Amino acid sequence: YFLRPEQFKGNTVTIEGDDVHHLTRVMRAEVGDEVICSNGVDREVLVRLTALDKTAVTASVVQELEMTAEPAVKVWIAQSLPKGDKMEIVIQKGTEIGAARFLPFLSERTVVQYDAKKEAKRTERWSKIAKEAAEQSHRNRVPGVESVLTWKQLLAQGKQADAAWICYEKEDGQQLRTAIREAVAAGKAGTAGTVMLAVGPEGGFTEQEIRQAEEAGFISVSLGRRILRTETAAMVGLTCLLYETGEMG
Ligand code: SAM
């Protein structure tokens with residue numbers, strides 16, 4: 001369970017909110033059971049449950065654990081807002097695989113309605129999906145989910161990364177594999193480094209967007225000769241990068 005830092009007091013941990021329901025109703029936990037709790041930053045512990053009621057579960061620390069599940073390379077998935085529940089799929093699967101951050105954004109061919117009023121609620125829901133997926137996959141950290149960015153903001157974020165790649169199905173020069181190997185050789189992706197992987201919407205990026213991204217320092221990359229669905233592209237790019245940097249086992 002990912003808890004807030006204030007839920008840790010020395011060797012005592014208090015589990016609250018939705019986690020109590022999950023622990024007592026879904027997992028049917030009892031006093032004496034052991035679970036793993038993390039503050040999502042620098043402390044992860046094995047705890048034994050000491051008391052359970054409807055609003056809180058208390059537990060005492062049995063063992064301090066090492067946080068070894070996080071990939072060395074931080075991968076930021078920049079996903080142009082897709083239709084339906086595909087963003088949820090990207091966040092859930094991307095978290096399991098090992099993404100560090102999700103940046104949904106709007107681009108010229110984004111077709112979904114963007115409603116600023118519903119924005120906070122949606123980001124909250126996406127963050128919850130990231131937390132649950134991080135718990136399920138035994139991550140040490142919950143990936144951050146940003147609120148929807150404009151195209152300009154996205155390009156600015158790309159500059160914060162050590163390398164920024166934009167996936168373009170019409171790219172016939174640079175392959176993702178070459179970009180990864182060059183970044184690893186330059187020390188931008190591997191034991192350290194942050195890589196942004198930008199994926200377009202169902203209708204793809206416009207030529208102008210690719211040009212603008214390149215001017216902002218992005219490298220246009222191909223993921224192969226087949227056209228992948230938007231939600232598949234991000235997962236393939238992420239998996240290839242983590243595989244090449246030795247993070248996939
Ligand atoms: N029409 C399909 C859909 O509804 O999802 C495919 C859309 S594809 C144009 C969506 C995005 O996936 C593209 O903008 C690009 O970022 C990425 N993509 C898909 N296949 C790719 C490939 N072979 N190489 C690079 N990027 C690819």
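His138 is not a glycine, yet its phi is positive, at about 60 degrees. Look for His138 in the loop between α3 (119-136) and β8 (144-145). Helices (H or I, at least four residues) and strands (E, at least two) are DSSP runs, numbered from the N terminus.

Arg28 also has a positive phi, near 55 degrees, and is no glycine either. Arg28 lies in the loop between α1 (18-26) and β3 (34-38), and it counts as exposed because it has 8 C-beta neighbours inside 10 Å. For context, most residues other than glycine have a negative phi.

## About the model

This is a predicted model, where local features need pLDDT of at least 70, side-chain atom pairs count only at pLDDT 80 or more, and totals for chains, interfaces and linings use all residues. Residues are numbered from 1 along each chain as its sequence is written.

## The annotated stretch

An unreviewed UniProt entry puts "domain: Ribosomal RNA small subunit methyltransferase E PUA-like" on residues 15-61; such annotations may be inferred rather than shown by experiment. That span, residues 15-61, is 47% strand and 19% helix, with its end C-alpha atoms 13 Å apart.

## Around the ligand

The ligand has 17 residues around it, and Cys167, Gly200, Glu202, Gly204 and Ala233 come nearest. To be near, a residue needs its C-beta atom, placed from the backbone, within 6 Å.

Technical notes
Buried ≥ 20, exposed ≤ 12 C-beta atoms within 10 Å, placed from the backbone.
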